[in-house]
Amino acid sequence: MRLQGNKILITGATSGIGEALLNKFLLLDNQIIALGRNAEKLKNLAERDKRIIPFSCDISKADELDKLILFLEQNHADTNILVNNAGIQYNYHFAEEPQLLGKIEQEINVNILAPIKLIALMLPMLKANKNAAIVNVSSGLGLSPKKQAPVYCGTKAGIHIFSKALRYQLKHPKVFEIIPPLVDTQMTAGRGKGKITPEQLVDEFITAFRKDKFEVNIGKVKLLKFINRLSPALADSIMKKGGEK
Ligand SMILES: NC(=O)c1ccc[n+]([C@@H]2O[C@H](COP(=O)([O-])OP(=O)(O)OC[C@H]3O[C@@H](n4cnc5c(N)ncnc54)[C@H](OP(=O)(O)O)[C@@H]3O)[C@@H](O)[C@H]2O)c1
């Protein structure tokens, strides 16, 4: 992939991994369409750099996705990279959670339905532009789940397998997947040990992105995959006890 001169849409650009990706892509001289729900943070981002185009959008809502696509078609039809990064994680016991149905719906909508819909809606645009790519952010927990977040882990397993199968079908745009380990962001605030920074993740990803390495195992995910090959049961028992917790 060519790393400069792109127009890149990043979902969840207002925080954590998405914000670190935004910062890195700016340094590499790209334009960024920054998505999130937090209007205040989007405004602050846009004031920092005129190459940041803020767009407030709740990706779990179909009408907001439609407005986004109209905005892109009318103003930014040259968008050539889509980064599906936005995500949420709820930790709860399935048999004891009082808000169970709402949480199931929200996690599935944000983590898997919206990214797949965005790809579908943006595909004609991506196909029409050079150096086009789709980048999906999954998780090590999509390979071996933790006990506390069954729906989250299910959505990440889904986006992992979806990315692989979509890559079989598409050569242009190229389909990438970032598989992060535990990263120090709002999502993991107050829990977990041995976190890497979002900037470390982004540096590793960019090296792979440049070389067209499509499935990007970040940090300890490389070890997780190695253990998984030797003993899937051992990998599962390590991740069951903790993983992102
Ligand atoms: N942190 C980790 O250890 C870790 C590990 C593996 C995978 N991941 C994955 O990495 C991705 C980024 O996570 P993070 O750790 O950077 O989390 P984060 O700091 O909590 O950021 C999540 C981002 O998603 C956006 N978002 C959430 N719901 C949204 C919605 N309905 N519509 C639009 N945007 C929405 C948030 O923006 P607004 O609040 O402005 O809407 C925010 O910018 C996620 O897919 C996550 O599953 C994280």
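User: How many of the contacts in the protein with a separation of 6 or more come from residues 24 or more positions apart?

Analyst: A contact here is a pair of residues whose C-beta atoms, placed from the backbone, lie within 7 Å. Residues 24 or more positions apart account for 66% of the contacts with a separation of 6 or more. Keep in mind that this is a predicted model, where local features need pLDDT of at least 70, side-chain atom pairs count only at pLDDT 80 or more, and totals for chains, interfaces and linings use all residues. Residues are numbered from 1 along each chain as its sequence is written.

User: Thanks! What radius of gyration does the protein have?

Analyst: That radius is taken over C-alpha atoms, and the globule rule is 2.2 Å times the number of residues to the power 0.38. For 245 residues a compact globule would come out near 18 Å, and the protein has 17 Å, which agrees. Along the principal axes, its C-alpha atoms fill a box of roughly 50 × 40 × 35 Å.

User: How many helices and strands does the protein have?

Analyst: Both are DSSP runs numbered from the N terminus: helices are H or I with at least four residues, strands are E with at least two. The protein has 8 helices and 7 strands.

User: In what order do the strands stand in the sheet?

Analyst: Two strands pair if DSSP finds at least two bridges between them. Here 7 strands form an open sheet with parallel pairing, in the order β3-β2-β1-β4-β5-β6-β7. At the edges stand β3 (52-56) and β7 (215-217), each with a single partner strand, so one side of each is left without a neighbour in the sheet.

User: Which helix packs on the sheet by touching β5 and β6?

Analyst: Start with the pair itself: β5 (residues 133-137) and β6 (residues 174-179) are joined in the parallel sense over 5 bridges. V135 has F176 in β6 as its bridge partner. Helix α5 (residues 150-169) packs on the sheet there, touching β5 and β6, and its direction makes about 155° with that of β6. For such angles, axes are lines fitted to C-alpha atoms, for helices over the stretch in contact, and angles run from 0 to 180 degrees between N-to-C directions.

User: Is V175 buried or exposed?

Analyst: We count other C-beta atoms, placed from the backbone, within 10 Å of a residue's own: 20 or more means buried, 12 or fewer exposed, and anything in between partly exposed. V175 is found in strand β6 and counts as buried because it has 22 C-beta neighbours inside 10 Å. Leaving out residues up to four places away in sequence, V175 touches I134, S163, L166, R167, L170 and F214. In β6, 5 of the 6 residues are buried, so the strand is largely enclosed by the rest of the structure.

User: Which residues are closest to the ligand?

Analyst: A residue belongs near a molecule if its C-beta atom, placed from the backbone, lies within 6 Å of it. The ligand is surrounded by 32 residues, and the closest are G12, G16, G36, R37 and G87. Helix α1 gives the most to this shell, with 3 residues.

Technical notes. Contact = placed C-beta atoms within 7 Å.
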